[in-house]
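I open the notebook on this entry with the sequence and the coordinates side by side. The notes below follow the order in which I looked things up.

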Amino acid sequence: MEGPLLDFFRAARSAGLRISPAETIEAARAAAVVGFEDRQRLRDTLGLVLAKTIDEKRAYGVCFDLFFKRASFSDPAGKAAEASAGEVPPMPGEMPAGGEGEGGGGALAAALLSNDQAWLAAAIEQASREARLSEISLFTQVNLFTRRILERMGLGALEREIVRTRTAPRGEALTQARDALRERVRGFVEQNLLLFAEGRNQEFRARMLTQARLTAIDRRDHERMRVLVRAMAHRLATLYGRPRKRDRRGVLDVRRTLRRNMAWEAIPFRTIWKQERIEKPRLVVLCDVSGSVAAVAQFLLLFLYSLNEALAGLRAFAFSSALADVSDLLTTLPIERAIPEVMARSGFGSSNYGQSLADFEREYMHLLDSSTTVIILGDGRGNRTDARADILQRMANRAKQVVWLNPETRTVWGTGDSDMPKYTPHCRVSITCNSLFQLERVISELLRVG
Amino acid sequence: MSIAWQAQLDSIEATESGLESAGYIPSREIATAVYLSHHLQKPILVEGPAGVGKTELAKAVSRWLSLPLIRMQCYEGLDESKALYEWKYGKQLLYTQILKDRMGAALGDEPGMDAALRRLHGLSDLFFSEDFLEPRPLLKALRSPGGAVLLIDEVDKADQEFEAFLLELLSDYQVSIPEIGTIRADVPPIVMLTSNSQRDLGDALKRRCLHLHIGLPEARLEARIIASRVPGIDATLRRKLVAFVQELRGLDLKKLPSVSETIDWARVLVLLHANELEPALVRETLNVLLKFESDIEVVAGQLGELLLKAKPEAIPVR
C-alpha cells in the first residue's frame, strides 16, 4: 500500500494541501494504526493528520474521493487483484516476444477475450506506475501517456494478433476490446490529470496573475482575480484585525516591572515598558476611474472593501471629471455589481484632477482629521487642466498622511500632461502600484504601522 | 508500562461506546481522533463554532477514563509563570530568614571567604529545588502519576509567543526548567487544545496536532445527543425539535444555534411540560436558541412556515 499512499500525498499536495514530509510520516503511521480495510475510517484518519483548516478539509475530502474512486480501487475485482499483486502474472512488459504462439496476442489478448477485469485493472495500475503517470502536468500529455501505458500493457503484440486474424471472429472481438480498452485507459489518464495536475496549474496561474499588470488582465480572469484579492485581504484582516499593542520604549510600567522582578526582591533587572494601542487606520480613498486607471481602481476598491474588520473606517470617492461619493454603493451592493455601477456613475470621462480636488474640498473636507489616511489612486494626468496642488497641500495638512498610488512607472511621471511632480511633495508616500503584489505590499504596510 | 485506562482505548468502537457511556455522543471522526491521539501520542486540536462541544469532549474523556481533568484557560498576556511553573518567592524569602541563624553552623569556622564559599556550594541549590516549585497546569499534567487529560482551552486567545512555548510540550511531552532540568511525563497525558478560530494558529502548532473540526451536527446525531443529554424528553417532540433546529440552520442568521443551544431549548421545553411545538410557545422561547435580536425577528416572521417545513420523519426514532 506504500506506493498508492505516496501517490495520494502527491495528489493531495496538488489539490492545495500543504503537507510536510513529517506529516506524511505521521499519516503513514496513523494509517498503519487503523489499517486500510475500512475506507471510511482511513478517510477520517488521514483527514485528521493532513488537513489543518476547514478549506483544507473540504479539498481533502474531494481529493480523497477522487483518488480512491479510480477504477482500480473501486471495482472489487481490482481490489482482489491488488491484494494478490505478487501473483498477477505474467506482467506484459516482460512477455517474451515469441509469446504469440498459441492463441497469440500475449497475455493482454487473453485477458481481453476472457474479460479478466482483475488482471486488466492491475495491469493498468502497474503500467501507469512504470510510465510515471503521477508526474503528468498538462492536458496535451493525455495522448502521450495513454499510448505509453497501452504499450507497456502489450499493445504491440495485440495489434499484430489483430492484423493476423483480421477476418476471423477472433479478430473482430479483439478490435472491439482494444478500442474499449483504449477508452478506458484514456479515462484513467484524464482522471489522473485532474488529480495530480489541476492544483499545480491553478497555483501557477494564480502566481502569474499576482505579478501581472492590473491594466492588462483579461476579462475572463477577473473572477479568479477577485478570489485572489479576497484571499489576500482575508490574510491581512486576520493578521491586523485584532487589537494590537506596541511598547512605548522608555516609559516604565512600574506595576508589571515589579511583578516580573519579584524573584530579585523587585530590583528591576528586567524592565517592562508601557504599551500603547496601534490604532486601525481610517481611510478616505479617491479613485480615478477614467479609462486609463479604471482597471486598477476596481481591484483597489475590492481589496479595501474585503478588509472590513482591519479598518476603523472607510469612505470611497470616484472621479474622472467630477467627484462622486460611492461608499453607499460599495457597502450595499455585492462588489461584482457595485464596481460597474461606480464606473457608470462617474467613470470613462477624461480626468480632471483639479476639479475633483476642488469638489472634495468643498463638500468632504470635514472627513479629514489627524487619524485619517488619504489614499489617492490615479496617474496624475489631468489633460492640461489646472492641477490645484494647493488643495492637496491643505488636505495633507489636515489628514494624518496622503498616499498616492500611481499605476505608471516612476520614470514617466512628469512627462507629457502628468502633474505628478506637483503632487508628490505633499504625499508622505507616492509609489508605483500596478500589480496585485504591489497593491498588497502597500496596504499591508499601511495596516502594520497603523 | 500498562495502565488500566490505556487498555480501554484499544479500538475505535470501544472509544465510541466509552464516550457514549460518559454521556458524549461522538461522531465517527471524533472517536477516531481520540483513539489516534492515544496511539500516536499526539495532541488533538479541536476547532469549530462556539457550543458544539469542544470543551465537553475533554470532560467526557476524563470522565470515561477516570482521569483528572487539568484545564488551562488561555487569555491575552498568559505567560509561562502562570502556565508552567513559578518559584515560591515568599517561601524562599521566609526560609532564608529562618535559616539565617543556622548559616553560621553550616559554614563552620572556615578561615577566609574562599573556603566558606566552597562549603556553601557543597550545600547544593537548596532554594531552587522542587520544594519551592509552584506547579501550574502544564507542569501538573506532566507530573500527574497515572496520566491526565490536559485541556488547553481557547488557545487562539493567547499570544503568538505562548504558542511557540507550547511546542516543546506538545511534541515531546516534556518541559525544560533552567534551574532543575528537563521534566518528562512518565505517562503522557491526553492533550486537547480548543480554538474558536479567532486568529489563524501557526503552522508549527498545527503540524504537531491532529486537527479535528467539529461542525454543527447532522439531524440523526443531534437527535441522539438530545436523547442522551435530556433523558426526560418525549421521542416525538425530540424529533420535531431537532428537525426545526436543522431548518433554522438553513437560514441566513448572524449566529446559528449550535448543539448547546438545542440542549438548553430541549430542557426548557421539558420544564414547561410541552408535548409539541406550539407556535406561540416556540416564539416565547426563541431567545434560548437565538442570541441576536435581529435573528429572533427574522425567525419569528416565518415561524409557521418553518414549523411546517421541519420534517421529523427523516430522523429515526432511536
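**Helices on the sheet.** I started with helix α15 of chain A, residues 294–306, in this predicted model. Helix α15(A) lies across β3, β4 and β6 (372–377), and its direction is at about 160° to β3(A). I then looked up helix α17 of chain A, residues 335–346, which lies across β4 and β5. Its angle to β4(A) is about 45°.

**The sheet.** I wanted the strand order next. The sheet is open, has 6 strands and reads β5-β4-β3-β6-β7-β8 in chain A, with mixed pairing. Which strands stand at the edges? They are β5 (323–325) and β8 (429–432) of chain A; each has a single partner strand, so one side of each lacks a neighbour in the sheet. On average, neighbouring strands are turned by 20° against each other, direction ignored.

I checked one pair in detail. Strand β3 (residues 282–288) and strand β4 (residues 313–319) of chain A run parallel and are joined by 7 bridges. In this pair I noted Val284(A), which stands opposite Arg315(A) of β4(A).

**One residue, Leu405(A).** I picked Leu405(A), which sits in strand β7 of chain A, residues 401–406. Is Leu405(A) buried or exposed? I count it as buried because 27 other C-beta atoms lie within 10 Å, and the cut-off for buried is 20 or more. Leaving out residues up to four places away in sequence, Leu405(A) touches Ile375(A), Leu377(A), Ile431(A), Cys433(A) and Val442(A). I also took one distance: Gly378(A) is 27 residues from Leu405(A) in sequence, yet their C-alpha atoms are 6.5 Å apart.

**Chain A as a whole.** I logged 21 helices and 8 strands for chain A. Of its 450 residues, 36% are buried. For contacts between residues at least 6 apart in sequence, 74% join residues at least 24 apart.

**Confidence.** The average pLDDT of chain A is 81, and 91% of the residues score at least 70. I flagged residues 74–102 of chain A, where pLDDT is below 50; this stretch still has 45 contacts in the model beyond near neighbours in sequence.

**Contact between the chains.** I listed 20 residues from chain A and 18 residues from chain B in the contact. On the chain B side, the elements that give two or more residues are α3 (28–40), α10 (203–207) and β9 (210–213). α3(B) gives the most, with 7 residues. By class, I recorded 8 nonpolar, 4 polar and 6 charged residues on the side of chain B that touches chain A.

How values were computed:
Residues are numbered from 1 along each chain as its sequence is written. Chains are lettered from A and ligands numbered from 1 in the order in which they are written. This is a predicted model: local features need pLDDT of at least 70, side-chain atom pairs count only at pLDDT 80 or more; totals for chains, interfaces and linings use all residues. Helices (H or I, at least four residues) and strands (E, at least two) are DSSP runs, numbered from the N terminus. A residue is buried if 20 or more other C-beta atoms lie within 10 Å of its own, exposed if 12 or fewer, and partly exposed in between; C-beta atoms are placed from the backbone. Two residues are in contact if their C-beta atoms, placed from the backbone, lie within 7 Å. Ala, Val, Leu, Ile, Met, Phe, Trp, Tyr, Cys and Pro count as nonpolar, Asp, Glu, Lys and Arg as charged, and the others, Gly among them, as polar. pLDDT is the predictor's confidence in each residue, from 0 to 100. Two strands pair if DSSP finds at least two bridges between them. Axes are lines fitted to C-alpha atoms, for helices over the stretch in contact, and angles run from 0 to 180 degrees between N-to-C directions.
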